[in-house]
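Open the model in your viewer and keep the selection tool at hand. We will walk through it one stop at a time.

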Amino acid sequence: MPITYTSGEQVEVYRFSIPVTVGVPLLALFLQAFVPLRFPRFAVYVDLPLLVTIFFAMARRSPVAGLFTGAVIGLAQDMLGHNPIGIYGIAKTVVGYGASSLGVKLDVENAGARFLVTLGFYLVHSAVYFTVARGMVNMTQTWSWPHGILAGLVNAFIGVFLYFLLDRFKQRT
Amino acid sequence: MESVLGRYRNLIILVGVLFLQVLGLAVQVKRGNNNSEEKDTRLIRVWAVGALSPFERGIVWLQNSSGNIWHNYFYLRGVRAENRQLKEQIEHMRLEQVRLTEDASQARRLQTLLAFKEQFIAKTVAAQVIGSSGSDLSRVVYIDKGKNDGIDREMAVITADGIVGKVLLVYPNEAQVLLISDQSSGVGAILENSRLQGVLRGSANGEVVLERIMSDEAVQPGETVLTSGGDQIFPKGLHLGTVTKVGAGKDLFLNIKIRPAADLSKLEEVLVLTEKQERQATAEDHVRVRAADILAQRLPSVPDKPVTDPNAKSSASGVTASSSSKPASAAGTTAVGNAPAKTAANAGSSIKSVSVTGTQAGTKLTPATSQHPAGTLPAASGTARTAKPKTTTDSSTQAKSPSIQAIPTDSEPKPAVTTPPNPQPPAQEDSPQ
């Protein structure tokens, strides 16, 4: 049973096997690319690679590992689109760093905390993406709070279930 | 110093990683503005696509296989009704085809006069959609055909319903297709009725809008939008979509929203136009069949009558009017196949004698002016109804008369009345009327 105290010394740090470390992000990317062919709204409201980034970052509780996890997953997601590579990379790097830093300090093992953390980081991710896409790449972007909050809630809801599923792959250090 | 580095180690690494990515992004944006072909980022995109596409192909294959087994062997409910409905649809389309053939040949003649160059779709490659970008900010899909299948950049991608997009990046066995709903896409468009030209663009929220139409122009919702051909990617006249909403836009332009003809959210199979041909328009005279003729041929016929007057001749140029199936004109006057006069009369409201008059050999033939009530064709007409095409005394007329192919009926076998097509249809047969 994982220890979930908020004290930094007592917070459990987990690691994952290599197949899980590689396979889960790849599966998330695959589903993100494939599911919208059948359910077009999926790509509008759900960001599975972001959820995986948040999960790994929070579980490892290492800011460096978290930011690199976010950078790799984000860059891979960029490669599937046609926009310049790095927009998702930057956004997910920030999220990975933030989630792991938060994981060190807070108890993020229960469903409520996970829900709120995911909602918050979805908005952070959207804000960074919006800034970079509009400021650097000159893409036409419109910020919509209703859409952001709705999509954040959807992701948080899915995230709670996904995290409990992925908890099975955790290994204690 | 070491304590500072150690204390802010994580933050320094974060800034370093972000800096590298920003630098890479800046380089791409700068080169993108210089219209380079993204060769620098192509390799890593190949890796990403190569890692995911085998799984996508596998899933699509599995889906199709299971779907085919279900639909082809188990789920056949309603097939009879659908078959009947499709047959009726074919009937309607045949009639429509006749009308369109007339329009097309007329347009061709006019294009010839104006020395137009036409673009033809010479070759297409069918492909299956196997993936997407997974982001609503990058509206692209991946197809399972690539460089090895003859796909190249900037090729148009369509479905039977309309335009889908263009090929953006090509990999050995896959290709990335930019949808017309992406905000970076642009297609030359023309409104079908008003002939106003604009640019069809996607937007950040996935809507498709028609830009560059002045606000003082009248555009009605429901109007069809076609490709204008001005972008040199999409051939002219392909279906783009329908106007759904017209409002005031920026800078004296209208804001016209379009519903794409192709369902971009449910793409499965697409066609890639791999080869276009541009050639001078020629006024080749194709088969001319009236709707009345088709109807007449499909209706039951009366028994053949013996030829009573084999010497029935045309009045002017020697075209013998005893043909039963061959159209006696090269300019739109066609004989009424082997159908009875009554049915022809029903279909066409009046029966004209098939004796024809050639004003000039092979150029224009007009029907004799005598008209007969339904079912009262004179002997010569009766001959024309049944006899074999006793064609002609004038070889040039024979060579230039078009062929007509009888359409078999389901209900009753009829004598084959197909005349062979002309080996070399005349290029300038029809003078403009």
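Start by selecting chain A and following it from one end to the other: along the sequence its pattern reads β-α-α-α-α-α-α-α-β. That gives chain A seven helices and two strands, where helices (H or I, at least four residues) and strands (E, at least two) are DSSP runs, numbered from the N terminus. This is a predicted model, in which local features need pLDDT of at least 70 and side-chain atom pairs count only at pLDDT 80 or more, while totals for chains, interfaces and linings use all residues. To find your way, note that residues are numbered from 1 along each chain as its sequence is written, and that chains are lettered from A and ligands numbered from 1 in the order in which they are written.

**The whole of chain A**

Of the 173 residues in chain A, 49% are buried. A residue counts as buried if 20 or more other C-beta atoms lie within 10 Å of its own, as exposed if 12 or fewer do, and as partly exposed in between, with C-beta atoms placed from the backbone. In chain A, 70% of the contacts with a separation of 6 or more are between residues 24 or more positions apart.

**Helix 1 of chain A**

Next, select residues 18–38 of chain A, which form helix 1. Its 21 residues should span 30 Å at 1.5 Å a residue, and the end C-alpha atoms are 31 Å apart, which agrees. The expected span used here is 1.5 Å times one less than the number of residues. Colour the buried residues of this helix: Val24(A), Pro25(A), Ala28(A), Leu29(A), Phe30(A), Gln32(A), Ala33(A), Phe34(A), Pro36(A) and Leu37(A).

Move on to Arg61(A), in the loop between helix 3 (48–60) and helix 4 of chain A. Most residues other than glycine have a negative phi. Arg61(A), although not a glycine, has a positive phi of about 55°. Is Arg61(A) buried or exposed? It counts as buried, because it has 22 C-beta neighbours inside 10 Å.

**Helices 4 and 5 of chain A**

Now show helix 4 (63–80) and helix 5 (87–105) of chain A together. These two helices pack at an angle of about 155°, with their axes 7 Å apart. That angle makes helix 4 of chain A roughly antiparallel to helix 5 of chain A. Axes are lines fitted to C-alpha atoms, for helices over the stretch in contact, and angles run from 0 to 180 degrees between N-to-C directions. Angles under 35 degrees count as roughly parallel, over 145 as roughly antiparallel, 65 to 115 as roughly perpendicular and the rest as oblique.

To see where they touch, pick residues including Gly66(A), Gly70(A) and Gly74(A) on helix 4 of chain A and Gly89(A), Thr93(A) and Gly96(A) on helix 5 of chain A. By class, the residues of this contact divide into 12 nonpolar, 10 polar and two charged. Here Ala, Val, Leu, Ile, Met, Phe, Trp, Tyr, Cys and Pro count as nonpolar, Asp, Glu, Lys and Arg as charged, and the others, Gly among them, as polar. Helix 5 of chain A is mostly covered, with 17 of its 19 residues buried.

**Helices 6 and 7 of chain A**

Select residues 111–135 and 145–166 of chain A, helix 6 and helix 7, whose axes come within 8 Å and cross at roughly 135°. That makes helix 6 of chain A oblique to helix 7 of chain A. Among the residues that meet here are Phe115(A) and Tyr122(A) from helix 6 of chain A, and Ala156(A) and Tyr163(A) from helix 7 of chain A. The contact has 10 nonpolar, six polar and one charged residues.

**Across to chain B**

Bring in chain B, which has eight helices and 16 strands. Buried residues make up 36% of its 433 residues. Where do the chains meet? In all, 35 residues of chain A are in contact with 38 residues of chain B. The side of chain A that touches chain B divides into 24 nonpolar, 11 polar and no charged residues.

Gly134(B) is buried, with 27 other C-beta atoms within 10 Å. Leaving aside neighbours within four places in sequence, its contacts are Gln32(A), Ala33(A), Pro36(A), Ala43(A), Gln77(A) and Leu80(A).

**Last stop**

Finish at Arg195(B), in the loop between strand 6 (186–191) and strand 7 (197–202) of chain B. Arg195(B) has a positive phi of about 60° although it is not a glycine. Arg195(B) is exposed, with 9 other C-beta atoms within 10 Å.

Conventions:
Contact = placed C-beta atoms within 7 Å.
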